[in-house]
Every structure is written in structure tokens, then in C-alpha cells.
Amino acid sequence: MEVLTSKRFEFSAAHRYWNPEWSAERNIEVFGKCTNSHGHGHNYVLEVTVAGAVDPVTGMVINVSELKRIVGRVLEGFDHKHLNEDTPYFRDCQPTTENIVQVLWSLIAPELPAGVRLHRLRLYETADIFADFYGGATANFGRNYQFSAAHRLDSPQLSPAENTELYGKCNNLKGHGHDYRFEVTVEGPVERETGMVINLVELDAAVRPLLDELDHTHLDLQHAFFVERPSTAEHVVAYLWQRLAAALGLRLRWIKLWETPNNIFEYGVHEP
Ligand SMILES: [Zn+2]
Ligand SMILES: [Zn+2]
């Protein structure tokens with residue numbers, strides 16, 4: 001029996017994006033404020049997920065205190081450092097979330113005990129921006145977005161009595177609403193020149209029209225997609241996928257939707 005075990009770590013570090021092969025104008029155009037020559041910093045959060053068989057004696061995949069020791073030792077080289085200046089890893093590449101997570105993989109994976117393998121690293125640069133790495137030729141980059149909308153669950157294929165019976169309070173005639181939050185994950189090779197799978201500006205530009213369309217509206221009354229089908233979170237996530245797949249193409253990998261903090265729906269290409 002193989003089980004995935006995850007542990008969360010934190011470190012704080014400064015960094016700066018700057019490609020010496022480019023002009024100052026080009027750097028500012030691509031990296032924006034991240035080019036500030038004095039650097040800026042983040043409270044990074046690293047989620048380490050390992051996989052392995054459960055040891056019949058200890059009942060564990062890995063002793064969490066051992067994982068803490070291994071990852072803690074690696075992060076000593078990153079915590080309260082300037083990633084460009086104080087570490088050797090970003091001389092020839094940008095200290096982007098995508099590149100940092102790959103460097104961390106190369107440092108953590110060989111230190112794990114026999115029978116335990118690194119399954120996934122997720123590195124949050126902020127609470128809303130993260131990169132995932134599974135050890136392959138590509139990385140994932142993701143960001144959280146939010147919109148607020150009203151809706152009413154009502155299936156055009158059911159009678160009023162059946163709708164009331166099925167959806168209860170969610171069938172309230174005048175509607176109710178949510179702060180919908182969703183996480184968009186894009187997969188691709190990390191570009192050498194930028195250190196990115198996708199520029200945040202490009203991802204934001206792809207998502208913006210969808211947010212403008214949905215935010216502060218009534219899903220059922222203002223959007224054709226929900227006239228024909230109930231605005232369940234399953235259909236909302238399918239709609240987000242349809243719209244974002246058109247904008248981002250095959251790079252779109254995963255959408256996770258929180259209808260409320262407690263109701264979560266996911267759709268996309270499954271994890272490896
Ligand atoms: Zn930054
Ligand atoms: Zn609802």
C-alpha cells in the first residue's frame with residue numbers, strides 16, 4: 001500500500017528578476033516591478049509530498065521528523081537569504097517560483113531515504129501564486145482568482161415541485177450568491193529566458209475577460225451558458241474550463257473551484 005505524505009515548510013527570501021542578455025527596457029517590459037535592482041522578498045510556503053510504501057513496523061511512509069530534518073537542512077540555504085546573491089543556483093536563471101521549485105527538487109529528492117520518492121513540490125510565492133513540480137520536463141504555474149455572483153439552482157428539465165425538492169434553499173426564487181474562488185493551473189516547459197511557464201501578466205490577461213463577464217452578475221439571468229443548465233458548481237467549473245481552454249489552449253491543466261470555503265470542485269487533466 002502506497003500513501004502520499006505531505007508536510008508544509010516556510011522560508012523568507014529576497015530575489016530579483018533580471019536577464020543580462022536584455023536591455024533595461026525589455027527587462028522592465030517582461031518582469032515589471034520584479035526588476036527592482038535592490039530586490040524584494042516573499043514569505044514562501046513549500047509543500048513537500050512524498051510517496052512510498054507504509055512500513056509494517058512503524059506504520060509510516062517516512063517519519064515526519066526525518067522529513068523535517070531533510071527539508072529543513074535544504075531550506076537553511078534559502079531562508080533569510082537573497083536568492084540571486086547568496087545562493088549559487090540562480091546565476092544563469094531567474095529565481096522565479098518555477099525555477100526555485102525545480103532547484104528545491106534537485107536538492108531534496110536525493111536526500112530521501114530508500115523506498116521514499118518525491119511525488120510533488122508545490123511552492124507558494126504568495127497565498128495566491130504557486131508553482132508545482134513533479135520531476136519531469138515541465139512545471140505547473142497557478143494563480144487564484146475570485147468573482148462574486150448571484151445564482152439560483154433550477155433545472156429546466158424538472159418541475160417547480162421537483163426543483164424545490166431537489167435543491168431546497170438553493171432554489172430560492174430570487175436567488176442567493178457566493179464569492180467564488182478558483183485556482184487556474186497551467187503546465188509547460190520553463191522558458192530559459194524568463195524562468196516562467198507563463199508570464200503572470202499573460203495569465204491575468206487570459207482570465208480577466210472571464211472575471212469581467214462574471215463578477216457582480218446573476219449567473220442564470222445574465223449568461224447564456226446557464227440558461228440551458230442549472231448553475232451548479234460542476235457547471236460553473238465546466239464553464240470556466242471552456243472559456244479558459246479557449247484562451248490558454250493545451251497549457252491549461254487544472255481548475256479548482258471553491259463555491260464556498262467548504263464546497264470544492266475540480267476539473268481538468270489529472271495529476272501524474
Ligand atoms: Zn517576487
Ligand atoms: Zn449557491
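Helices (H or I, at least four residues) and strands (E, at least two) are DSSP runs, numbered from the N terminus. This is a predicted model: local features need pLDDT of at least 70, side-chain atom pairs count only at pLDDT 80 or more, and totals for chains, interfaces and linings use all residues. Residues are numbered from 1 along each chain as its sequence is written, chains are lettered from A and ligands numbered from 1 in the order in which they are written, and side-chain values use heavy atoms, with hydrogens and water left out.

**Figure 1. The whole chain.**
The protein chain holds 8 helices and 10 strands. Its C-alpha trace spans about 65 × 60 × 30 Å along the principal axes. Of the 272 residues, 47% are buried. Here buried means under 20% relative accessible area, exposed over 50%, and partly exposed in between (1.4 Å probe, protein chains only). Contact means heavy atoms within 4.5 Å. Among contacts with a separation of 6 or more, 68% join residues 24 or more positions apart.

**Figure 2. H216, a positive phi in a loop.**
H216 sits in the loop between α6 (200-214) and β8 (217-218). Its phi is positive, about 55°, although H216 is not a glycine. H216 is exposed, at 66% relative accessibility.

**Figure 3. H80, a positive phi in a loop.**
H80 is found in the loop between α2 (64-76) and β3 (81-82). H80 is not a glycine, yet has a positive phi of about 55°. Its relative accessible area is 65%, and H80 is exposed.

**Figure 4. Domain 1 against domain 2.**
The assignment gives domain 1 (1-136) and domain 2 (138-272). Such bounds come from an automatic or database domain assignment. Domain 1 puts 23 residues into the contact, and domain 2 puts in 21 residues. The C-alpha centres of the two domains lie 29 Å apart. The size of an interface is often given as the accessible area lost when the parts come together. Between domain 1 and domain 2 the buried area is about 1,800 Å². Carbon and sulfur atoms give 48% of that area. Buried area is the accessible area (1.4 Å probe) that two parts lose on being put together, summed over both. In domain 1, E98, F130 and Y134 lose the most area to domain 2. Together these residues account for 31% of what that side buries.

**Figure 5. Polar links and the domain 1 face.**
Between domain 1 and domain 2 there are 2 salt bridges. A salt bridge is a side-chain nitrogen of Lys or Arg within 4 Å of a carboxyl oxygen of Asp or Glu. The domains also share 9 residue pairs in polar contact (both at pLDDT 80 or more). A polar contact is a pair of N or O atoms within 3.5 Å; within protein, one must be able to donate a hydrogen and the other to accept it, and residues adjacent in sequence count only if both atoms are side-chain atoms. On the side of domain 1 that touches domain 2, α1 (24-31), α4 (97-108), β4 (116-124) and β5 (129-133) each supply at least two residues. The largest share, 5 residues, comes from β5. By class, this side has 10 nonpolar, 7 polar and 6 charged residues. Ala, Val, Leu, Ile, Met, Phe, Trp, Tyr, Cys and Pro count as nonpolar, Asp, Glu, Lys and Arg as charged, and the others, Gly among them, as polar.

**Figure 6. R192 and E21.**
Side chains of opposite charge can pair when their charged atoms come close. By the salt-bridge rule, the count comes to 14. In one salt bridge, R192 meets E21, with the closest N and O atoms 3.3 Å apart. R192 lies in the loop between β7 (176-188) and α6, and E21 in the loop between β1 (2-15) and α1, so the pair ties together parts 171 residues apart in sequence. R192 is exposed, at 56% relative accessibility. E21 is exposed too, at 53%.

**Figure 7. E202 and R251.**
E202 and R251 form a salt bridge, their closest N and O atoms 2.9 Å apart. E202 lies in helix α6 and R251 in the loop between α8 and β9, so the pair ties together parts 49 residues apart in sequence. E202 is partly exposed, with a relative accessible area of 38%. R251 is partly exposed, at 28%.

**Figure 8. R243 and E213.**
A salt bridge joins R243 to E213, with the closest N and O atoms 2.1 Å apart. R243 lies in helix α8 and E213 in helix α6, so the pair ties together parts 30 residues apart in sequence. R243 is partly exposed, at 27% relative accessibility. E213 is partly exposed, at 24%.
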